[in-house]
Amino acid sequence: MNIADTLWGFVRRWYIVVPGLILAVVVGIGTFAVVQPGYERTATQLLIPGEGTIPPDTTNPYLFLGGLLQASDIVVRVMQSDDVIGPAVEDHPGTEVVVRRDPTVSGPVIQIVVTAKSDAAAEEVLAALVDQTEVVVERLQEQQDVDLDDRMSVSQLTKDTQSVLQQKTRLILSAGAAMGLVVLTLIVASLVDGLSRRVRRGGRTGASGPVDGPSTEDAEGADAMERDAVDADAEPAEAAVVESEADTDLETEADTSRDDEDDFAGDDESADSEEVVLTRPRRAAPRRAAPRRAASRS
């Protein structure tokens, strides 16, 4: 079956395809309405070196950020733990949090991305995590007994005040539901069309198609032809037997006639004046027996 046959099958089964497509559109729209979009907010924070780690009389700490890359990775690792994220999202189930070092910046910049089901939830969780970053950095340095002058600090660079709607998940689910129903509709239409055509083809073959094996009339005709052939073979043989018997009778009669002529000639041998002319009487040829036909056939 080629593409054209498949398309014509869909046209023939329009009563399945059309309602299926309409239902697919309705399901897609319904899924889009049911699934809520995500509310995303982002904040970025920068690690600043302590005053004791930069040269004296230096007022620009941004010139000495190169040594804080490893420290920022450690802070990110701690922020990704359940001990930090768990309490922040506990009251807002379904909220997703991503903490990482900002890939667009080569410095020790920490990026926090929160995606929640509502704008208020995104705002609350982001604020809690931004505050938690300062707590984590301070705790890590206290554990190592770092001098106050040498301790790093956290500076907030950016923080979204409005959420950005994320429609990606919503669109994927809606399109997936609609496409799944469309595919199911086409499969059902193809199966129904194929089964219907097969049943029709089978019905035509059973009604007028050839029947396996010879019919009764054909069998009787074949038997009759076989019997005629046997009779035809037998007739020449019977005729030959009859002719042979007739020839034998003729020869016997001819021999008898000659013997009679010899006797007649001996008796009249003394009569010179009388001339006897003997002729053998013509005998009618025996009638050929009619060939025996086979018994009447049933």
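Analyst: Let us begin with a definition: a residue is buried under 20% relative accessible area, exposed over 50%, and partly exposed in between, with a 1.4 Å probe and protein chains only. Of the 298 residues of the chain, 25% count as buried. The model is predicted, so local features need pLDDT of at least 70 and side-chain atom pairs count only at pLDDT 80 or more, while totals for chains, interfaces and linings use all residues. Residues are numbered from 1 along each chain as its sequence is written, and side-chain values use heavy atoms, with hydrogens and water left out.

User: How many helices and strands does the chain have, and what counts as each?

Analyst: Helices are DSSP runs of H or I with at least four residues, strands are runs of E with at least two, and both are numbered from the N terminus. The chain has 7 helices and 5 strands. Their order from the N terminus is α-α-β-α-α-β-β-α-β-β-α-α.

User: What makes α1 and α2 roughly perpendicular?

Analyst: Helix α1 (residues 3-12) packs against helix α2 (residues 14-34) at an angle of about 80°, and their axes are 5 Å apart. Because angles of 65 to 115 degrees count as roughly perpendicular (under 35 is roughly parallel, over 145 roughly antiparallel, and the rest oblique), α1 is roughly perpendicular to α2.

User: Which residues of α1 and α2 meet?

Analyst: From α1 come Phe-10, Val-11 and Arg-12, and from α2 come Trp-14, Tyr-15 and Val-17. Contact means heavy atoms within 4.5 Å. The residues of this contact divide into 5 nonpolar, no polar and 1 charged.

User: Why is the pair of Trp-14 and Tyr-15 called edge-to-face?

Analyst: Rings of Phe, Tyr and Trp (its six-membered ring) pair if their centres lie within 6.5 Å; planes under 30 degrees apart are stacked, over 60 edge-to-face, and the rest tilted. The structure holds 1 aromatic pair. In the pair of Trp-14 and Tyr-15 the centres are 6.1 Å apart and the planes stand at 80°, which gives the name edge-to-face.

User: Why is Trp-14 called exposed, and what is Tyr-15 called?

Analyst: Trp-14 has 54% relative accessibility, so Trp-14 counts as exposed. Tyr-15 has a relative accessible area of 42% and is therefore partly exposed.

User: How do you know that Arg-170 lies over the face of Phe-32?

Analyst: A charge sits over a ring if NZ of Lys or CZ of Arg is within 6 Å of the ring centre and within 35 degrees of the ring normal. Arg-170 lies over the face of Phe-32, 3.9 Å from the ring centre.

User: What makes the phi of Asp-145 worth a remark?

Analyst: Most residues other than glycine have a negative phi. Asp-145 is not a glycine, yet its phi is positive, about 55°. Asp-145 lies in the loop between α5 (119-143) and β4 (153-159), and at 64% relative accessibility Asp-145 counts as exposed.

User: Where is Asp-150 found, and why is Asp-150 called partly exposed?

Analyst: Asp-150 is also in the loop between α5 and β4. Its relative accessibility is 29%, so Asp-150 counts as partly exposed. Leaving aside neighbours within four places in sequence, Asp-150 is in contact with Gly-50, Gly-52, Thr-53 and Gln-141. Asp-150 and Thr-53 are 97 residues apart along the chain, with their C-alpha atoms separated by 5.7 Å.

Definitions and conventions. Axes are lines fitted to C-alpha atoms, for helices over the stretch in contact, and angles run from 0 to 180 degrees between N-to-C directions. Ala, Val, Leu, Ile, Met, Phe, Trp, Tyr, Cys and Pro count as nonpolar, Asp, Glu, Lys and Arg as charged, and the others, Gly among them, as polar.
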